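These are my notebook entries on one protein model. I looked up its sheet, its loops and its helix packing in turn.

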Amino acid sequence: AHGGSYQQLQLDSLCTVHPPTGQLAGTWPFHVFTARHAVQLQAGSQADCDRWINALQDAIDFLPQRRTQFEIDMDAVLAADSDLTRDALFERPALTAPTDPKVPFAPLVALRYGPVVAQGQKFASLPEQAVVLGKALYSEGVGLAERNANPFGTLDHPLELCKAVVQACGRFPGFRNEVFCQLIKLTNCPAASASDGTLLEHAETNEHWRILEMLCRIARPTGKAARLLELHLQRTVRLGRGSSHHQHPHVIAAGSCLVVLQKPGMAATPQSVEELYAASTSATASPTKVKSVGGWTDTDADC
């Protein structure tokens with residue numbers, strides 16, 4: 001590859017190599033996206049370009065899979081052999097809502113670097129999208145101007161935020177588990193709060209539960225995230241029923257999510273986000289009202 005300057009690229013398993021869209025000024029430019037850099041390299045011919053791309057991709061594929069701390073702790077929860085052990089693991093910092101607004105936002109699951117193209121449009125990388133979503137869902141420490149400019153919206157307007165989250169799940173492949181994991185983290189209830197009655201009595205957490213319930217009606221996480229969601233919901237119900245707060249809205253919401261997830265399938269035609277949000281709000285308000293509403297199939301939005 002040519003170029004007037006050279007730099008060392010630190011590759012890991014999440015790096016991507018994007019092929020050229022065509023010839024430019026007699027060269028074939030292609031791009032490499034790493035955790036810290038986006039680099040354009042140039043080859044003198046299409047054959048050389050293909051060789052460089054294949055070599056770089058082989059090197060990336062050979063590297064050990066990079067995992068986040070959330071994924072490491074998720075594996076520990078899934079491997080636990082008792083509720084007591086699992087409850088303790090669920091309270092690890094990576095799995096619980098942040099208490100320090102200065103902690104930087106980061107993706108919870110491993111997402112590949114580099115911009116993504118969907119429906120003919122180019123969007124920011126999935127890790128960047130995950131950070132933006134995190135700031136929309138958890139606004140502590142985020143300035144007013146940044147909150148108002150967030151493309152996902154804010155919890156001050158939960159319906160609009162719901163619409164943006166649903167759109168993101170349908171638009172970005174591989175993003176659905178990130179969305180569900182962020183909501184699991186933000187609704188994760190420390191065991192102590194179930195016994196002392198606080199049960200995360202924050203307005204933001206109420207909206208997180210509503211969004212989670214709405215998403216459960218139209219989408220499903222996959223793989224380990226699906227099992228973690230089930231354990232999280234079961235734990236919330238168990239902790240609530242083991243105290244005097246079994247009628248708490250969060251416990252009711254968790255139970256509603258479990259009922260929806262246990263249904264064998266979902267309708268092919270989704271209802272509007274307004275209807276879904278209203279259904280989740282009403283189900284959260286009453287333990288006896290658990291509506292069956294339709295949603296995407298897994299192939300409609302495989303995120």
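**Entry 1: the covered strand**

I began with strand β2, which is mostly covered, as 5 of its 6 residues are buried. The model is a predicted one, and I read every entry below with that in mind. I noted that β2 spans residues 28-33.

**Entry 2: overall counts**

I then looked up the totals for the protein. I found 12 helices and 5 strands. The protein has 303 residues, of which 46% count as buried. I also looked up the contacts with a separation of 6 or more: residues 24 or more positions apart account for 67% of them.

**Entry 3: the sheet around β2**

In which order do the 3 strands of the open sheet lie? I read the order as β1-β2-β3, with antiparallel pairing. The edge strands are β1 (16-18) and β3 (38-43), each of which pairs on one side only. From one strand to the next, the twist averages 25°.

I recorded the pairings one by one. Between β1 and β2, which run antiparallel, there are 3 bridges. Here V17 has V32 in β2 as its bridge partner. Between β2 and β3 the sense is again antiparallel, and I found 6 bridges. Two of the partners that I looked up in β3 are A43, which is bridged to W28, and L41, which is bridged to F30. β2 and β3 form a hairpin, with 4 residues between them.

**Entry 4: the loop between β1 and β2**

I looked up two residues in the loop between β1 and β2, namely Q23 and A25. Is Q23 buried or exposed? Q23 has a relative accessible area of 52%; the cut-off for exposed is over 50%, so Q23 counts as exposed. The C-alpha atoms of Q23 and A43 are separated by 9.7 Å, and these two residues are 20 residues apart along the chain.

A25 also counts as exposed, at 79% relative accessibility. I looked up its backbone as well: phi of A25 is near 50°, a positive value in a residue other than glycine. I set this beside the general rule that most residues other than glycine have a negative phi.

**Entry 5: α2 against α10**

I turned next to helix α10 (residues 223-241) and took its partners in chain order. Helix α2 (residues 69-79) packs with α10 at an angle of about 60°, and their axes are 10 Å apart. The crossing of α2 past α10 is left-handed. From α2, the residues F70, M74, D75, V77 and L78 meet K224, A225, R227, L228 and L231 in α10. By class, the residues of this contact of α2 with α10 divide into 7 nonpolar, no polar and 3 charged.

**Entry 6: α3 against α10**

Helix α3 (residues 83-90) and α10 have axes 12 Å apart and pack at an angle of about 105°. Angles of 65 to 115 degrees count as roughly perpendicular, so α3 is roughly perpendicular to α10. I listed the residues that meet: D83, R86, D87 and F90 in α3, with L228, L231, H232, R235, R238 and L239 in α10. The contact of α3 with α10 holds 4 nonpolar, 1 polar and 5 charged residues.

**Entry 7: α7 against α10**

How do the axes of helix α7 and α10 cross? The axes of α7 (residues 176-187) and α10 cross at roughly 25° and come within 10 Å. Angles under 35 degrees count as roughly parallel, so α7 is roughly parallel to α10. I recorded this crossing of α7 and α10 as left-handed. In α7, N177, F180, C181, I184 and T187 meet A225, L228, L229 and H232 of α10. The contact of α7 with α10 has 6 nonpolar, 3 polar and no charged residues.

Key:
Residues numbered from 1 in each chain as written. Predicted model: local features only at pLDDT ≥ 70, side-chain atom pairs only at ≥ 80, totals over all residues. Heavy atoms only, no water. Axes fitted to C-alpha atoms, helices over the stretch in contact; angles between N-to-C directions. Parallel < 35°, antiparallel > 145°, perpendicular 65-115°, else oblique. Contact = heavy atoms within 4.5 Å. Nonpolar A, V, L, I, M, F, W, Y, C, P; charged D, E, K, R; others polar. Pairing = 2+ DSSP bridges. Left-handed = near helix turned anticlockwise from the far one by under 90°. Buried < 20%, exposed > 50% of the residue type's maximum accessible area, 1.4 Å probe, protein only.
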